Structure formats: C-alpha cells, structure tokens
Amino acid sequence: MPRGCDKVNFQNMRTILSVLLASAYVQAAPPIVIKSARMFDGRQMVTPGLVVVDGSTIQAAGKGSAIPENARILDFGDATISPGFIDAHTHLSSPDGGDYRQALLNGLQMPIAELALRASENARKTLMVGITTVRDVGSRDFIDVGLRNAINAGKIVGPRMLVSVHAIGATGGHCDGQAGFRFGLFGPEAGPAEGVINGAEDARRAVRLNHKYGADVIKTCATGGVLSLTDDVDTPQLTQEELNAIVDEAHALRRKTAAHAHGAEGAKRAIRAGIDSIEHGTFLDDEALEMMKARGTVLIPTLMATQGGREALGKGVYPPVIEAKMTVAIGAISQTVRRAIAKGVKVGMGTDAAVYPHGRNPEEFHMLVDLGMKPIEALRAGTSLDAELLGLAAKLGTLESGKLADIVVIPGDPTENIRQTEKVVFVMKEGVIYRNDKP
C-alpha cells in the first residue's frame, strides 16, 4: 500500500461521516404543527386552524390533517392562522419619509454602504410585522438587488423580495431623479441605464437593462407624482407607444409590470398597454375603472402613503409644492377607492412603505375596510390576490399542501376586527420561525 494512503482513507471517511451526520441532523428536525381556533386559508375562514409544516413547505392544512407523532406543536388558542402577508408596493431601500428634506440630504450625503445597512433594518421591521413577501418598486444604486440577494442567501433577515431596479419614466418626470435640481449637478443627463426614456426604443432598452441587472418586475411612471418637484401629480408622462413598448418587452421577458399612475389619462394608457397593476390610482375616472375591471388590472391604492402624508402635513417637512400635491391627493383617494371596490375592480394590498415609517404595513388592511371592503376581502387582497398579481400563486398566498410555509398568526378573529392584523404574534417564512410571542 503506498505511503499516505491511510491518511487519504481517513480523510475520506471523515468527509463521509460528516455528510451522514449532517443528513441525519436534517432528517431529525421534527415537523411543526401550528394550531389555533380558526384559519384563514387565503380564500375563506375555516375551523379549526391546523397547519403541518415539514422543512420549508406545508405538508398539510385544515381539519383532518394528520399530525406526525414526533411533531413540535404550537397551539395559539383563540387566534387565526393566515398565509404570510404580501405588500405589493414598498421601497425598503428608502428611509422613513417623515422629513422630506432630511431624507433627501441622507440620500445625497450617506455612502451607499450606509444606505444599504439602513435598508436591512427596514427589511427586518417589515418581516417582523408579518409581511413575508414584498414587491419593491423603486430603488437606487442597486440596493434593492443587494438586499434581495442577501436575504435569499440567509445573510440578513427580511421578507422575500421582488425588485424593480430602476423605475422607468420620462425625462423630467416623476421617475427622473435629476428633476428639480441644477443642470449638471449629477453629471450627464440620465438615460435608459437610469430608467429615464424618450421614445419606444429607449423604453425597450430600459426594460432590457433592468432585466440584465436583476429586475423581477418592471415598474414605470405613467403620470406625475406627489413627492417629485417639477410635475403636476395627474399629468400623463409617457406616450401610448412608450407604454406599449415597456409592457410588451417586460412580458416577453416574463416579467410582470406595475405603473405608478395618479391621473386618469396616464393610467388609461397603461391599462391599454396591458399593465398588470395600477399603483395609487388617485384620480381614476369611471372609464379607467371600467377598463381595469374588464381587463383584470389590479389597483394597488397605497392608502398608507396618504396616511403618512396626513401625519406630515403642516409640520414643515415637505416643500410647498409637495405639500400642495399631497393635500389634493389625500382629498381624492378615498372616493376613488370606494368606487373601485363598488365596481368590483380587483384591489390588492400595497402600502408605499417609506412614505410612512417602515413596519406599519398591516395598517393598510383596516384602511381598505374603512372604504367599503369586507374584512375577508381585505385579507385576500394581502395574500392570495397579491400572490396572483406577483406571479407567485403556485408557491404562496394560500395554506395548501406543497406550498411554501409562509405563515402568520393573528390574535382573535380579524374578520370581526381587522385591526388584529396589526398585532401578529407569530411569523414563519419558508418554515423558519422569525417571531413567536407565544409564552
């Protein structure tokens, strides 16, 4: 036998033993059984609540599910098990928007690394209140991509993220980050690489660049905005041809699309183009709402953004032009959402996190109910409907065998008091428990 062979054999045996031990450890991890008085399964309320989790997936759910002998049982009593909440409109890389001027300075002065570290705290806050998935629709410096990747790799704690890289809009419009500042301050004029376009060819290039650098979803700005300095909030900012090109290119790349649209005309252009969702929709007219209903376009009204605005108005934290636009938007949004609900338009849950302090996302549920949505419909909006909108319905949004184990527990019955969604006591994402307030 050649010299050194025993050493090689020993090393091989040690490697094999390590693999076997690791395998045995994984296999030994017991299933988790979550029990409660009731369960919202993503579609309806059922009793009692019972979910069996094995690894990262749901093994069984609902009455009659077999409980494994070696299972770890968590019984929450008078509570409601629900799929993890989904927020379809966040900006996790942006600081809380309480002081607009300070937030602007932070963005200009802080190193990108510091902005990213602060974003990781926003992600943690969001997960801990029960938001296990977000669609993040506007960032800078690829912080959203880095945040998503770090969460996926288990390096930091946060919700599952679908990111958009750069929102795509017109020169001087809501998505042009140079608008409102001195010419030349940021160097050359922004172009498709930064999401700023002029014409259908630019539009396609911007989509392709976003896709190239990691976008899961394509976001565009079809109208002016509230928190931008140089535009009216309701003006259309992209032509029909530009929006057609954005949506066509995105869908060809199997990416869903979202359009920031306060004004009716810009929204209608986006709807005609085949956009998957309208964000905000503050001044939508009846024609726009009827178009949305006919085409299945989802409205994400971001009511928490207006709540953040209400709390900031009159405190000197907004420049006068933004204060004026916020006041008008607050005055219009409630009636628009009431009409959308009454007409049967699909309304999802998305909050515009960052316009208000991160971690208050579930307050959107009660705001939808306050405007006429039934509590069970609000719960669907933030689970199964949003999962469908994001293209994740095969994995998320309902509590069913084979789906990912994204689960929250709500004390009491949220169909009796929807604000119970703001008091989540248990958060699981892909079978990992991140919060458990049970004694």
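**The second largest pocket and helix 12.** Helices in these views are DSSP runs of H or I with at least four residues, and they are numbered from the N terminus. Under that numbering, helix 12 (residues 375-389) supplies five residues to the lining of the second largest pocket, the largest share. The model shown is predicted. The second largest pocket holds about 300 Å³ of space. Its lining comprises 16 residues, and those nearest the centre are Val-347, Glu-377, Arg-380, Ser-384 and Leu-385. By class, seven of the lining residues are nonpolar, four are polar and five are charged.

**The three-stranded sheet with order 8-9-10.** This sheet is open, and its strands pair in parallel. Strand 8 (85-90) and strand 10 form the edges, each pairing on one side only. On average, neighbouring strands are turned by 15° against each other, direction ignored. Four bridges join strand 8 to strand 9 (residues 131-136) in the parallel sense; among the paired residues, Asp-87 has Val-134 of strand 9 as its bridge partner. Helix 12 packs on this sheet, where it touches strand 8 and strand 9, and its direction makes about 55° with that of strand 8. Helix 4 (residues 143-152) lies across strand 9 and strand 10, and runs at about 150° to strand 10.

**The largest cavity.** Rolling a probe the size of a water molecule over the atoms shows where empty space is left. In this model, one cavity of 30 Å³ or more is counted. The largest cavity contains about 50 Å³ of space. Its lining is made up of Pro-83, Gly-84, Ile-86, Thr-132, Thr-133, Arg-160, Lys-395, Leu-396, Gly-397, Thr-398, Leu-404 and Asp-406. These residues divide into four nonpolar, five polar and three charged.

**The four-stranded sheet with order 5-4-1-6.** The four strands form an open sheet with mixed pairing. Strand 5 (57-61) and strand 6 (72-75) stand at the edges with a single partner strand each, so one side of each has no neighbour in the sheet. From one strand to the next, the twist averages 25°. Strand 1 (residues 32-36) pairs with strand 6 in the parallel sense through four bridges. Within this pairing, Leu-74 of strand 6 is the bridge partner of Ile-34.

**The packing of helix 9 against helix 10.** Two packed helices are described by the angle between their axes and the distance between the axes. For helix 9 (residues 303-312) and helix 10 (residues 320-343), the angle is about 145° and the axes lie 10 Å apart. Their crossing is left-handed. Helix 9 contributes Leu-303, Ala-305, Thr-306, Gly-309 and Arg-310 to the contact, while helix 10 contributes Met-326, Ile-330, Ile-333, Ser-334 and Val-337. Of the residues in this contact, six are nonpolar, three polar and one charged.

**Backbone geometry at Pro-48 and Val-165.** Most residues other than glycine have a negative phi, and most peptide bonds are trans. Thr-47 and Pro-48 are joined by a cis peptide bond, with omega about -10°. Pro-48 is located in the loop between strand 3 (45-46) and strand 4 (49-54). Val-165, although not a glycine, has a positive phi of about 65°. Val-165 belongs to the loop between strand 10 (160-163) and strand 11 (169-170).

Notes:
Residues numbered from 1 in each chain as written. Predicted model: local features only at pLDDT ≥ 70, side-chain atom pairs only at ≥ 80, totals over all residues. Heavy atoms only, no water. Axes fitted to C-alpha atoms, helices over the stretch in contact; angles between N-to-C directions. Helix = DSSP H or I, 4+ residues; strand = E, 2+ residues; numbered from the N terminus. Left-handed = near helix turned anticlockwise from the far one by under 90°. Contact = heavy atoms within 4.5 Å. Nonpolar A, V, L, I, M, F, W, Y, C, P; charged D, E, K, R; others polar. 1 Å grid on protein atoms, 1.4 Å probe; cavity = no way out; pocket = protein on both sides within 12 Å on 5 of 7 lines; lining within 4 Å. Points joined across faces, edges and corners; volume = space filled by probe spheres on them. Pairing = 2+ DSSP bridges.
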